[in-house]
Amino acid sequence: MCMFKNSILASFVVLCLASCNPVGETIAEIPLSVGEISGSNVLDLKKGDVVTIWSKITQRSDNDEIPFNVKYNIESMGKSIAFDSLKATNGEHIINAEKSTESYTQSSSEGDSTKYYTLKKFEVENKKITIPEDGKYNFDFKVVDGDYGFANRDMLIILRKTR
Amino acid sequence: MKIINNLNFKITFLTVKKSQFILLILCCLFAFACKRVVKEEEETTIDSSDDKEAVSTAEMQKIMALKLPLKTVLIDKTFNLTIPESATFEAVKVEPQEESKIGEIGNIDLKKLAEPYVYVTLNNTFTHHDELYNEFIVIFKENDSTRLTIKDIKDSFGQIDFVYFEDNNSLVFEQGDSFFTVHFDYDAVHKSYIFYKAEMSWSKKYPTKQRADLFLHLLKQAKNLTNSHVVGTRFTSWEDYVQNSPALEIEIAKGMFKKLEKELKIFLTVDEKVSPRTPGNYTFVSLYLAPKDKELDFYKFVDAVKTNQLGQLSDYSFRNGVYNVSSGNVYTVKQQEGCYLIDFSSKRYNGEVYKSGVTVICPITYKNKSYFMQTADEIPAEDTDFFVKMFSFFSKNYTLDTKSN
């Protein structure tokens, strides 16, 4: 009985520690626009820090979902330590999801009508990067295809740090 | 016995309570420790600190001593004005009764002038699309050379937040986060005032120090308007531009090139052309990673223009390559410091010749790949030197950073 109790207590302690700040501390928010490189400020990171790349995405139900790729480059001391690409909408871990119904007025010869659509905003985890050495790092991103970024579609990359 | 039983019960009760209490605490910890998202806005703050300092005459003299290539132009067939070598101008005659945008200069109401005045706008890379600032000159007749005073001009602006520099005929100041340079001279021969004004809107969020420095450079230009002893001087290199130009203009160029540097070294793929946007959301310079055939097409075009055999090329409508060539246009190509300066003209249906400016193209070889850097817009021939020096430096160093900064 005592053993059972202790193991429950132990698992609670483990859960407690693991659940502290599960997505990490936000260290940069980087707005993206098509065809442009957008970068973080210089980030001071320690060996073993894990930087997770999240994409904040806005989708409208009346538009086809446009897949888009983001190329990224991580640089330290003028040297590229990772250059790869990610599909911004790909990922299992989704947080901060919001859904709202929006409307706009459409005018035609038959008169005005109100159109409704659903606006979904969410953040999706794309990649985890483990920092190899203590140092100053730059993260750069570039949307390489898709036509994202027009008409108030705010697309953000969020960098979060855990250890 | 009853007492003992009671005690046992109390002990059991306390034991249960204690373990439940620990569990409760742990649950609370678990629940509160689970912060879903930590949002910490990391806003880049613009230096709007109050480190404003009036500029001494000695400091102004230091700026006045910096190199500035100048040229003298004739305005309205009457006035010789000395303006920067890189500037172009447009002059129009305005009837006083038409006047709407300037209103008064000091205590002089332009609407009440007896004769038309000349309104001159100056243009360069940084005034294009009102990217950074705008500047104009008004030349108007006035027999009294003492009529205009800095005090009257100052009063006409109302509340001024900070004066950086002032003398008998100049004023550099800040008002509502907008920057202004005002200067006037009196042309005794033509009994006319030459009034200069430059303005940068409050919406341009740049460090105060850099904005003040820019407006002192503009005052230098204004003070040279009536300079009749122009010494032929030129910028010899990009380093020369960096040392003698307003820091803000250089910073804007470097900001754009930081992106181009990353495109060149990392991001750009074959046959991709990029043109990063300026802070004012305009294009400035583009970079293209050319496939072999497009590279050869470009040199074929250049050689054909040089040997005057463009018409003999069977297919010289090169589209979506380094430079768009259209049959029917007339091209000239000049080579300067590793760059190509391409000028074209075309004849309209009414026979009128159309020219829209020069395109500066500079080939860059990086890791055995062929890139072409070019001006995103066609630019006036007067303004090409800045781009030639900048491109030429970048093509050798893959950065705009110089050793001096």
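Reader: How many residues does the hairpin use to join E8(B) to E9(B)?
Author: Glad you start there! This is a predicted model, in which local features need pLDDT of at least 70, side-chain atom pairs count only at pLDDT 80 or more, and totals for chains, interfaces and linings use all residues. Residues are numbered from 1 along each chain as its sequence is written, while chains are lettered from A and ligands numbered from 1 in the order in which they are written. With helices (H or I, at least four residues) and strands (E, at least two) taken as DSSP runs numbered from the N terminus, the hairpin links E8(B) to E9(B) through two residues.

Reader: Which helix gives the most to the side of domain 1 of chain B that touches domain 2 of chain B?
Author: Chain B is divided into domain 1 (57-223) and domain 2 (245-397), with bounds from an automatic or database domain assignment. Counting two residues as in contact if their C-beta atoms, placed from the backbone, lie within 7 Å, 15 residues of domain 1 of chain B touch 13 residues of domain 2 of chain B. The biggest giver on the domain 1 side, with five residues, is helix H4 (residues 208-223) of chain B.

Reader: How far apart are the C-alpha centres of domain 1 of chain B and domain 2 of chain B?
Author: That one is taken between the C-alpha centres of the two domains. Their separation is 34 Å.

Reader: Is B:Asp76 buried, partly exposed or exposed?
Author: This residue sits in the loop between strand E1 (70-75) and strand E2 (79-84) of chain B, and it has a positive phi of about 55 degrees although it is not a glycine. Most residues other than glycine have a negative phi. A residue is buried if 20 or more other C-beta atoms (placed from the backbone) lie within 10 Å of its own, exposed if 12 or fewer, and partly exposed in between. Because B:Asp76 has 15 other C-beta atoms within 10 Å, it is partly exposed.

Reader: Where is B:Tyr398?
Author: Here is another residue other than glycine with a positive phi, near 60 degrees. B:Tyr398 counts as partly exposed, with 17 C-beta neighbours inside 10 Å. Its place is in the segment after helix H8 (384-397) of chain B.

Terms used
Pairing = 2+ DSSP bridges.
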